[in-house]
Each structure stands twice: as structure tokens, then as C-alpha cells.
Amino acid sequence: MKKANLKRILEIIPGVMSWSIILSSILLFKFNPVMAAIALIVYLIYWSCRLFYMSTLLFMAHHRMLSKKSVDWYKLCEASESDKSLAQIVHVVLYTIYKEPESILIESLNAVKTGNYPKENIIVVLAGEERGEGTREKLENLKTKFQGDFKDILLSIHPSGIQGEIPCKGANATYAAKRVKTYLEQKTIDFGNVIISCFDADTCPDRNYFSCLTYHFLTNPNRYRTGYQPLPIYSNNIFTAPAFARVIEMGSTFWQLIESMKANAFVTFASYGMSFKTLVDVDYWPVNLVSDDSLIYWKCFVKFNGDYTTYSLEVPVFMDIAVGKNILDTILVQYKQKRRWAWGVETFVFLGMHLWGNRSIPLSLKVKKVFQILDNHINWATWAILISFITPLLLCWGKWVRQDSLVFLNLTYINSTLVNSFTLILLLCIFIGKEFLPPRPPKVSRFIYVSFILQWFLTPLVSAFLGSIPALDAQTRLMIQKPLVFDPTPKQRLTEGPEEKVPGNLRRKK
Amino acid sequence: MDQRGNPQVYRFDDSDRTTRHESRIKHMNTLKKERYFAYRKFFFRMFVLIFILLTPIVLFYSLGYKFDLKSKKFLKTGAIDITSHPKDANVYLNGRKIENTTPCVIRLLMPGKYTLTLDKDLFYVYEMPIDVRSSAVTGIDVTLVPKMRNIEKLKSGMNVQKFFVIERLFGRKIILFTDHGIYVLGENFGDLKKIATLSMDVDDIRTVTGIREDKNKFVFWSDRKIWLVKLGWNQDPDDTVVKQIYDARKDVREVYFGLKEKYLIVLDGSKIIALDVENPSVIFPVMGLKDNQAKMFYDSGSETLIVRDRSVPEDTFSMFKVNFMDLVHEKSES
């Protein structure tokens with residue numbers, strides 16, 4: 001089969017499957033309501049079992065994180081006996097920057113600075129875009145401000161209009177990584193001793209992030225075949241973000257917690273670490289695809305014939321909830337961000353193209369991985385639409401048109417029983433969600449904690465409008481070959497006034 | 001990690017050079033020592049098993065299947081969906097009490113005929129036969145009839161000769177003709193208020209056949225007479241008297257307020273006349289009718305008279321319309 005044809009088929013599959021599920025559920029009710037009711041019952045039971053299973057994983061992952069909270073990772077690094085010494089390990093922290101204000105970057109760098117890891121082993125790379133306004137001046141200011149705090153601060157300005165590239169984070173990061181490679185070669189630093197952490201501009205690593213990452217790097221015999229994923233917690237501006245935005249971002253954190261329990265299926269996301277040697281071996285991040293974070297995992301997976309996993313670090317990184325200037329703008333910003341995340345469905349095309357004809361990877365592993373991507377993305381695009389909209393509509397329709405049908409009566413009963421049982425899951429979300437809250441700023445009223453509880457009742461609407469619909473949008477665009485232009489999430493915090501330079505997620509006002 | 005999942009000192013022995021595959025296994029074993037991953041597999045299998053077991057059970061239940069111990073077969077059942085007004089009635093099926101009260105659904109019923117009984121305090125027992133079909137829901141919506149209780153006498157010493165109901169836009173009221181005067185029962189049927197003194201013979205009161213109200217006045221009539229009552233704001237009911245304004249030529253069958261409510265449109269025998277309310281001696285003929293059985297309706301909003309009368313030469317009854325709107329408009333302009 002020609003590669004172009006294969007690519008086209010792969011682009012169509014996810015969208016076709018998602019739309020088929022949604023449309024067939026509606027059409028089936030018209031032509032065979034009883035069969036449709038049966039299918040809906042099976043779907044509801046499937047999703048109930050799945051949600052409870054995911055809740056179990058969430059609870060276990062949360063327990064895992066909590067149990068490691070007081071571990072002194074740096075001491076463990078010192079005590080561990082490895083083929084590499086602690087002093088040999090060099091961290092490269094790569095921040096990709098576009099339009100983020102300087103204040104956000106200052107906070108992020110402060111978080112790196114105040115971590116409990118020797119700063120003389122940390123190289124910070126600030127990778128800006130030429131097309132961003134005032135980039136050079138901003139980066140120079142930051143370098144001046146933090147000069148001497150780290151081993152070195154490297155600046156990289158990614159030129160625009162390079163052939164073969166699209167404006168995306170991956171292209172910027174790759175350009176900067178190549179500069180880093182040159183720098184390391186000049187300093188005769190072995191790539192095998194370098195761990196690169198690719199961060200978004202608003203990422204504030206936990207105090208123990210570098211120690212934990214180093215420990216796992218040192219003690220992992222398969223260190224070059226492993227990505228290292230911290231838990232992303234969107235809490236930097238949690239007290240000023242609207243409730244619906246908090247729900248969807250906390251949901252993302254929970255999703256990462258759940259996925260972290262699936263050792264062989266965990267994929268890198270947003271901000272993560274990996275060996276620089278591995279990065280060079282796979283020829284850096286893709287420069288013409290949007291989803292660089294997941295694609296680097298799949299690149300490694302393909303390059304090493306399936307011998308690549310992601311390890312879930314027991315420490316978090318703190319990031320911003322995407323907000324706009326007002327509620328409507330925030331909805332738009334959130335929608336675009338989630339659509340960009342859902343554009344990760346392009347990894348299905350990437351993987352399909354690279355697995356086709358690859359005889360080194362066992363067929364069972366190929367099928368497993370392809371199924372994994374499809375399962376995630378199709379469920380993402382359909383579940384909330386089916387459960388939040390289509391099921392209630394069809395139940396109402398059935399009540400009026402098929403009042404005498406026993407299966408419809410029982411379907412209503414089953415649906416209400418299952419929905420009531422989901423209250424347990426909501427309670428779990430409330431319980432776990434409170435663990436990720438930073439200290440409340442003095443200016444913020446205590447009553448905000450009431451909204452932190454009530455916000456979870458927005459889940460059915462938020463899951464559909466800012467979960468499934470953007471995912472369906474992304475898959476449809478892929479299907480009709482309307483590519484998504486990389487639309488960087490605006491980072492702004494709705495607080496004003498001078499702020500103390502405090503690390504991570506602690507925010508206090510003077 | 002040790003068996004409790006805590007990180008432990010890891011010794012990596014250079015001399016123990018293993019192949020890449022073996023090192024991967026070693027790494028995975030290290031991960032597997034974290035008990036969470038072991039638990040995950042257990043829960044995954046558990047939920048898969050729950051799904052596999054639960055789905056057919058729920059499906060069978062939804063379709064109404066029930067395992068009959070006697071015949072050792074799966075039989076298709078039906079259900080009854082019972083709603084009652086008021087709710088919370090006790091439900092009996094073939095004499096056996098059902099746990100829930102109304103509204104409720106009784107499931108897993110074998111197809112056939114049943115006797116449904118609904119019982120609630122202060123209401124009559126409701127009993128009906130019901131037919132249950134397989135895989136179907138029989139819907140029952142019942143209104144219970146209250147037993148007579150709490151009969152309240154509105155006022156002692158009144159001899160109510162006649163009462164009429166007047167429908168209004170936002171409710172209705174009842175006008176009572178008694179020996180002591182004309183009373184009105186308010187919208188909640190609780191307030192009894194005298195509105196006028198009745199200076200008519202009792203026999204005349206008993207012949208009253210209709211009543212019409214307009215703003216602060218109302219008329220009532222028998223087949224021979226029409227009376228008018230004008231109500232003033234804050235007027236003493238004892239000072240409000242009933243005035244006879246018309247003596248019928250034949251028999252009064254219908255009366256309406258019309259022509260900007262300044263006239264009464266009266267069907268008297270085979271004539272329709274317009275009677276000035278303020279000056280009852282002023283009477284205008286409106287229309288002559290062909291049949292004594294003719295009927296009329298006057299819509300004061302559109303000032304339209306609708307008449308059912310015999311039409312010649314067909315000798316059938318037809319509907320006729322007379323529109324006074326333009327005439328009334330012209331009259332007001334002039």
C-alpha cells in the first residue's frame with residue numbers, strides 16, 4: 001500500500017469511528033429502539049465499570065504520591081550506588097517560551113532555583129521564538145536576573161520560517177536542544193550523564209523534582225529507554241481561575257494519576273524529563289507536528305522497537321490553568337487548549353505509519369499500542385456526549401414515544417441508579433482534589449473552598465463541552481485534512497500587585 | 001523498592017553485565033515490586049469480570065426476563081407503572097400489599113389479569129382490573145375521590161333561593177340570591193359578602209334565569225323582567241338596591257352588555273333590542289328574528305352579534321353575524 005494512502009486511511013479512522021458511535025446511537029433509536037436501548041444499557045454498564053476502575057486507580061495513585069511525600073530523594077541519590085556518580089549528572093531545564101510574560105518565567109525559574117538540588121549541576125535553557133514580541137530583551141533580562149544562580153543559562157531564539165517546520169513547541173525545543181548539544185560537546189559533557197527536562201513556560205517543579213528524577217535515573221538499569229513523567233498539577237493560579245476551568249484541569253491531573261498506574265501504557269505529557277542521549281538518538285522532537293510531548297515517547301518507542309516506557313515520578317510540577325481575559329474568553333482558551341491536546345490523535349497516524357512494515361516489533365505489541373491510542377481518543381471524543389446529552393435525550397424521547405416499553409422503563413431506572421452511584425466518584429474527586437490545593441492567599445475568602453466542592457457538579461457539562469467536543473473537533477479536522485495550527489495557550493494570572501519571589505505553587509502578596 | 005513499596009538503596013554491579021533484554025526485565029521487576037502495579041492488574045481483572053457477569057444479568061432484567069423456579073425456565077414478565085392523585089396511596093395487587101406507595105412501578109409480573117386496588121385515608125378505595133403484557137409497561141393514572149368530610153356551613157340564617165357562577169378572567173365568583181339580599185362568594189369561596197339589598201318578591205327571585213356582570217354593575221333576568229344592580233366603591237350594601245329596568249314583551253332569553261357596555265342587547269321573543277342601561281326607557285330595535293327558537297351571542301370585545309335563526313327560503317337554521325364595531329366607532333367620532 002502506498003504511504004500516502006496509508007496515511008490518509010489512518011487520518012480518517014479515529015474521526016469515522018467517533019462519529020459512527022455518536023450517529024449510530026441516534027439512528028439506531030429511530031430504526032430499532034429496543035436494540036438501541038440494549039446497546040445503551042451495555043454502554044452504561046461498561047462505562048460504570050470503567051469509571052469505578054479508574055477511580056480505584058486514582059485512589060491508588062494518590063496514595064502512592066502521598067506515601068512518597070516525605071521521602072528525602074537527595075539523600076537517596078547520595079546513598080545509591082550506581083555506575084554513575086551524583087556529581088556527574090547534569091540537568092538541562094529547557095523552557096519553551098513564546099508570549100508568556102516575564103513574571104511567569106521569573107516564578108518558574110525561582111522554583112528551579114529553590115529546589116533542593118545543587119544548582120551548579122543545573123543548566124537552564126530559555127528557548128524563545130523570533131516571532132514573539134520582545135523575545136530577545138525578555139530572555140536577556142531573565143539571564144541577567146538569574147545569572148550565577150545556575151551552572152549556566154543558555155538563550156536560544158528560534159527563527160521563524162524554517163522549511164519543513166510548522167510553528168510549534170517541538171520545533172522551538174529541537175532548535176534549542178541542538179544548541180545545547182553543541183554546548184555540551186564544547187564542555188565535553190557526556191550526553192549519557194545529562195537529563196533534559198522539557199518544561200512549559202509556567203512549569204514550576206516541586207522542590208524534590210530534580211532529586212527524584214536523578215534518583216530514578218541513577219537506579220534505573222534501563223535509564224536510556226525510559227521517560228520520566230512528573231505529575232502535572234494545575235494550581236499556580238487556582239484561586240483566581242473560574243470553577244469550570246478548575247474542574248477540567250484537575251480532571252487532567254486525575255487522568256495523569258490514573259494513567260501513571262498503567263506502567264506499560266504511560267506516555268509523556270506536557271512537562272517531563274528524559275535522557276539527553278536518548279533525545280539525540282531519536283533526532284529530537286518532531287518539528288512538523290503539534291503534539292511534541294506524546295510524540296517524543298512514540299518516536300522513542302519506534303526507534304527502540306518497543307523498548308521504551310515512561311516512569312511516573314512521585315513528585316509533581318505545578319502549572320497554570322489556562323484562563324482568558326473574562327469568562328467567555330476563558331471558555332475559548334480552554335476549548336482551544338483541549339482541542340490541541342486532543343490533536344494528539346495524530347500520534348495514531350504517526351504510529352501507524354512507523355509500525356507498518358516494522359518487523360522488529362511483535363505484532364501483539366503493535367496491536368496493543370494502536371488499540372491503546374484509539375481507545376483513549378475515541379472514548380475521549382464520545383463518552384461525555386453520549387452520557388451527558390444523547391442518553392438523557394433518548395430517555396425523554398423513549399418516555400414520550402415508547403411509554404409502554406419495558407426496556408425503556410428499566411433503562412431510565414438503570415441510568416438513574418448509575419448516575420447516583422457516580423456521586424461516590426464525585427466525592428472521591430473532592431477528597432483527592434483538596435490534596436493538590438496550595439495554601440490559600442490571604443486576600444482570597446475562605447468561602448472559595450465551598451466552590452471547590454460544588455465545582456465538581458459541573459463535571460457532566462464540562463466533560464462534554466470542554467472534553468468530548470474539542471476532541472471530536474480535532475478528530476474531524478484530522479479526518480477532513482484541516483490541520484490544526486499550533487495555538488499557544490495564553491498564560492496570564494489575574495492577580496495584580498507586587499509578589500514575593502516564592503517557589504512553586506506558593507503565592508503570597510506583599 | 002522494598003516489599004512495602006519504599007525506595008531502597010539500589011546496588012548496580014558493574015560486573016553483572018546483562019543483556020539489554022535481561023536488564024529490562026530486571027527494571028520491570030523493580031517496578032513490579034511496587035505493589036500498586038500488582039493491585040492494578042487485580043482490579044482490572046476484577047472489573048472485567050464484573051462487567052462480564054453484570055451485563056447479561058442487567059440485560060435480562062431490563063427485557064423483563066425472570067427465572068421461574070417452578071417451570072425452571074426464563075419467562076418474560078411485564079410491569080405496571082402506577083400514578084395516583086393524590087400520591088402516597090397504598091397499592092394492592094390481587095389483595096397482596098405492595099411495599100411502595102404511589103407513584104411506583106411494579107416489575108417482574110407474570111403476564112395475565114390482575115386486580116389493582118389503591119387505598120388512601122380519606123379517599124374511597126379504587127379498584128380496577130388490569131392486564132399485564134410481557135415486555136410491556138401498563139400505565140395507570142388514577143384520580144382518587146375524597147370521602148365527604150369537613151362540610152362547612154357558610155352562614156346560618158340564610159335562605160338561598162338561587163345562585164349563579166360568574167366566570168372572570170382571573171377566577172370566578174358565585175352570586176347568591178337570598179331572602180336577605182344579594183351576596184357574593186369570593187374567589188377562594190370563603191368570604192361571603194353582601195353586595196345589595198333585594199327588594200323583590202321571593203317568587204320573582206325564583207324565576208331568575210341568568211346573570212351578567214360588567215365592571216361595577218350586573219344585570220339579572222327572568223323570562224319576564226330584567227333587573228339592574230349598580231355597585232359603588234365603598235357603597236353600603238343596604239343602600240344598594242335592585243332596580244327593574246325592563247318588562248319583556250314576549251320572553252327574555254338572553255342578555256348581554258354591548259355597544260361599549262352602555263346598552264343591554266336583549267333577545268326578547270323574536271326580537272333583539274338594545275336597551276340603554278342608564279335610561280331604560282330608551283330602546284332600539286336591533287334585529288327581528290324569524291323563529292322563536294333563535295339564539296344569539298354578543299361579543300362585546302368586537303361588538304359583534306352572532307345569531308342562529310331560520311333562513312328563508314331554505315327553511316333551515318343558519319348563522320348570522322352583525323358587526324357593530326364600525327358603527328360604534330363612527331358614533332363615537334361623531
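Predicted model: local features only at pLDDT ≥ 70, side-chain atom pairs only at ≥ 80, totals over all residues.
Across the interface of chain A and chain B, seven residue pairs are in polar contact, both residues being at pLDDT 80 or more. A polar contact here is a pair of N or O atoms within 3.5 Å; within protein, one must be able to donate a hydrogen and the other to accept it, and residues adjacent in sequence count only if both atoms are side-chain atoms.

Residues are numbered from 1 along each chain as its sequence is written, chains are lettered from A in the order in which they are written, and side-chain values use heavy atoms, with hydrogens and water left out.

Back to the interface. Chain A brings 50 residues to the contact and chain B brings 44 residues, where contact means heavy atoms within 4.5 Å. About 4,000 Å² is buried between the two chains, and carbon and sulfur atoms give 68% of that; buried area is the accessible area (1.4 Å probe) that two parts lose on being put together, summed over both. In chain A, Tyr53(A), Pro221(A) and Leu406(A) lose the most area to chain B, together 15% of what that side buries. Among the elements that give two or more residues to this side of chain A are helix H2 (33-67) and helix H14 (406-433); helices (H or I, at least four residues) and strands (E, at least two) are DSSP runs, numbered from the N terminus. H2(A) gives the most, with 15 residues.

Some backbone details also deserve a look:

| Residue or bond | Value |
|---|---|
| His85(B)–Pro86(B), cis peptide bond | omega about 0 degrees |
| Thr102(B)–Pro103(B), cis peptide bond | omega about 0 degrees |
| Asp283(A), positive phi | near 65 degrees |
| Leu259(B), positive phi | near 50 degrees |

Leu259(B) sits in the loop between strand E18 (252-258) and strand E19 (263-268) of chain B, and is buried, with a relative accessible area of 18%; buried means under 20%, exposed over 50%, partly exposed in between (1.4 Å probe, protein chains only).

As for confidence, chain A has a mean pLDDT of 89, pLDDT being the predictor's confidence in each residue, from 0 to 100. Over residues 495-510 of chain A, pLDDT stays under 50.
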